[in-house]
Amino acid sequence: MTAEAQQMIDHIMHLIRKPGVTLDENTPLVSSGLIDSMALVDLLQKLEDLTHMRIPVGKVQPKDLDSVAKMFATAQRVGKPRK
Amino acid sequence: MAGLIPYENLIEALEAAPADRLFVTHWIDEDEHETATFGGFRDRSRAQAARLTESGVARGDRAIIIMPQGISAMATFAGAMMLGAVPAFLAYPNFKVEAEKYRSGLLGVSANLKAKAVVIDQEFPEEMLRCVSLGEHTKLMRAEEGAPARQFAPPAIHTADVAFLQHSAGTTGLQKGVALTHAAVVRQLGHLKKALRIDPSSDRIYSWLPLYHDMGLIACFMLPMVTHVPIVMQSPLEWVMRPESMLQIIDEHQCTLAWMPNFGFQFVPRRTPEDRKKKYDLSSLRALINCSEPVRGASMREFETAFGVKGEVLQSSYAMAENVFAVSQSELGKPPGQVSADGQQFRSAHRIVPVPESASAVSFTSSGRLLPEQKIRIRSDSGDELGEGFVGEILIQSDCLFDGYFSRPDLTAQAMEEGWYRSGDLGFMWQGELYVVGRKKDLLIIGGENIYPQDIEEIVAGHRAVHEGRVIALGVYNAELGTEEIVVVAELQSEALLSESAGIEQEIRQRIVAAMGVAARTILLTPPKWIVKSTAGKPSRSATREKLFREHPELRER
């Protein structure tokens, strides 16, 4: 796992504040009810910071953000270099 | 007549616009904009009208449009109106929308409207359509640009024709397609034009509001189209991701008018870095109107302080799809009225007794004065008409009221009473201004989206461990967020199940997010017989709310 992916996992853990929950790169986030839409906005912003990319939100679907691994793959696929 | 709309229908107004005047600027990001002049927009609309005609859509047919926010979606909508068909925008699926919720909503709407066509864009995600059978009379069309195969001959449009349908959100709300005639919409736009002193030579509207919402459709599409005012818009998603872009656009394009729901007045300042707050020049704004959630003075002050806008620029309005849009509008050039009232008198006697501001006082911000030809009544629970300073349900009668919910005479009959529309909102009149304090109907408004508690209750009650019908979903205002949050109380089938509550709660959470796209803040699982029932034996939302706050003060509004 990359350092950025680990930072994202730490960020999500901080966000959900649920004792007893463990996360890895492939843990489903949205479909499991762990996070909701307002949190996704926050995660997308975090993803932009970690990847130094600008992610056109119109090109992102819920399934693209359902795990940390999928988030980074999505950034690679649709991200534009940040100015 | 000065100030009113000199056209009989919306398309006539569009046809009369100067061809080379800029109409829509769609701000995609810093380097990408798409624009259309009124002439260009008309051409694109005609092309869409021709395409719809080729697909068999005719006068009076419903056409559902599900396209990303942009000029193509607007031109398809206008094109459908040009041929006398009845368009309705539905929300485009985005990364926040769950496929399951989306599919069930789409099925419900297309079945209710018996739509002739559902128009989607080329990139529409396949999974959102999986298992959706639209029925044999409904055609799924992919929107295309470019010249159509044949010319389109516009039919005559009558003022009494239904121009389009507006939906409110939520699966229950999707059953209510608000049918609006050209005449009603034109009259509403006339009132707005006058109240806002709209001048096409100097005004420019900014919007991030979705086109399927009345603020986005009426204030930020129909109003500029009919009054020939340019509009600069961005997608709601872009705004949510980068709320600061709103300030950048208003500054760059010198926008003069904008609308947004109450939570935005807190969301934008809180998401804008401190060192950039004073970077933007918002002095072009004449009015930024707080609309579609109860107006909170504290939220307005937060925006005012953060960006140094003048207090009188922040305005307010009370609006709903059933009245096309606005019922009231605050007076330009003045901040909306405020009243500080005795909290005890307000809660127990539903009465406004002015007192100096203090911790025990409640303060309210007005939604302005009634627009011309708008009448309201404030009515008590027992049906008595109330005078100034008494809180009751707001009933509305006006010259722009809807024709009814499309093909739902049952729902229309519930909402109307001798020509008055029962809004379900609670409010009071004070010194000639209307104050809206909340809802009588149990609708929750989460970040500007209408959520019907019944929808959530049904989902939760579907869980095997929950006692049938013993669920209450409540909206609890969170001042920090400037909007409501969902709190669910559910009775378990037996005391024994309490030991499994952590797992049950997790499953319920999952179901709510999957179906509604929003997460509940708190799910309280209780032993049987915890929920307070009304005399009719049904769970009582208000009594359960009181019990909940008494026993769990930590869940109170914060």
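1. A residue is called buried here if 20 or more other C-beta atoms lie within 10 Å of its own, exposed if 12 or fewer, and partly exposed in between, the C-beta atoms being placed from the backbone. The model is predicted: local features need pLDDT of at least 70, side-chain atom pairs count only at pLDDT 80 or more, and totals for chains, interfaces and linings use all residues. Residues are numbered from 1 along each chain as its sequence is written, while chains are lettered from A and ligands numbered from 1 in the order in which they are written.

2. Helix α2(B) is mostly covered, with twelve of its 17 residues buried. These are Phe38(B), Phe41(B), Arg42(B), Arg44(B), Ser45(B), Arg46(B), Gln48(B), Ala49(B), Ala50(B), Arg51(B), Leu52(B) and Thr53(B). They pack against α1, β1, β2, β3, α3 and β5 of chain B. Helices (H or I, at least four residues) and strands (E, at least two) are DSSP runs, numbered from the N terminus. Just after α2(B), Gly56(B) has a positive phi of about 95 degrees.

3. Chain B holds an open sheet of nine strands with mixed pairing, in the order β2-β1-β10-β9-β11-β12-β13-β14-β17. Its edge strands, β2 (32-37) and β17 (369-370) of chain B, each pair on one side only; two strands pair if DSSP finds at least two bridges between them. Helix α2 (residues 38-54) of chain B packs on this sheet, touching β1 and β2 of chain B, and its direction makes about 85 degrees with that of β2(B). Axes are lines fitted to C-alpha atoms, for helices over the stretch in contact, and angles run from 0 to 180 degrees between N-to-C directions. Within the sheet, β13(B) and β14(B) run antiparallel and are joined by three bridges; Ser317(B) stands opposite Gln329(B) in β14(B).

4. The axes of α5 (residues 182-195) and α6 (residues 214-227) of chain B come within 10 Å and cross at roughly 80 degrees. That makes α5(B) roughly perpendicular to α6(B) (65 to 115 degrees). Val185(B), Leu189(B), Leu192(B) and Lys193(B) of α5(B) make the contact with Met222(B), Leu223(B), Val226(B) and Thr227(B) of α6(B). Two residues are in contact if their C-beta atoms, placed from the backbone, lie within 7 Å.

5. Strands β21(B) and β22(B) form a hairpin with two residues between them, and Gln431(B) in the turn has a positive phi of about 50 degrees. Six bridges join these antiparallel strands, and Gly427(B) stands opposite Val436(B) in β22(B).

6. A further open sheet, of three strands with mixed pairing, has the order β25-β26-β27 in chain B. Its edge strands are β25 and β27 of chain B. Strands β26(B) and β27(B) run parallel and are joined by five bridges; Ala490(B) has Leu525(B) as its bridge partner in β27(B). Helix α15 (residues 541-551) of chain B lies across β25 and β26 of chain B, at about 70 degrees to β25(B).

7. Neighbours within four places in sequence aside, Leu474(B) is in contact with Pro453(B), Val487(B), Arg541(B) and Arg545(B).

Key: Parallel < 35°, antiparallel > 145°, perpendicular 65-115°, else oblique.
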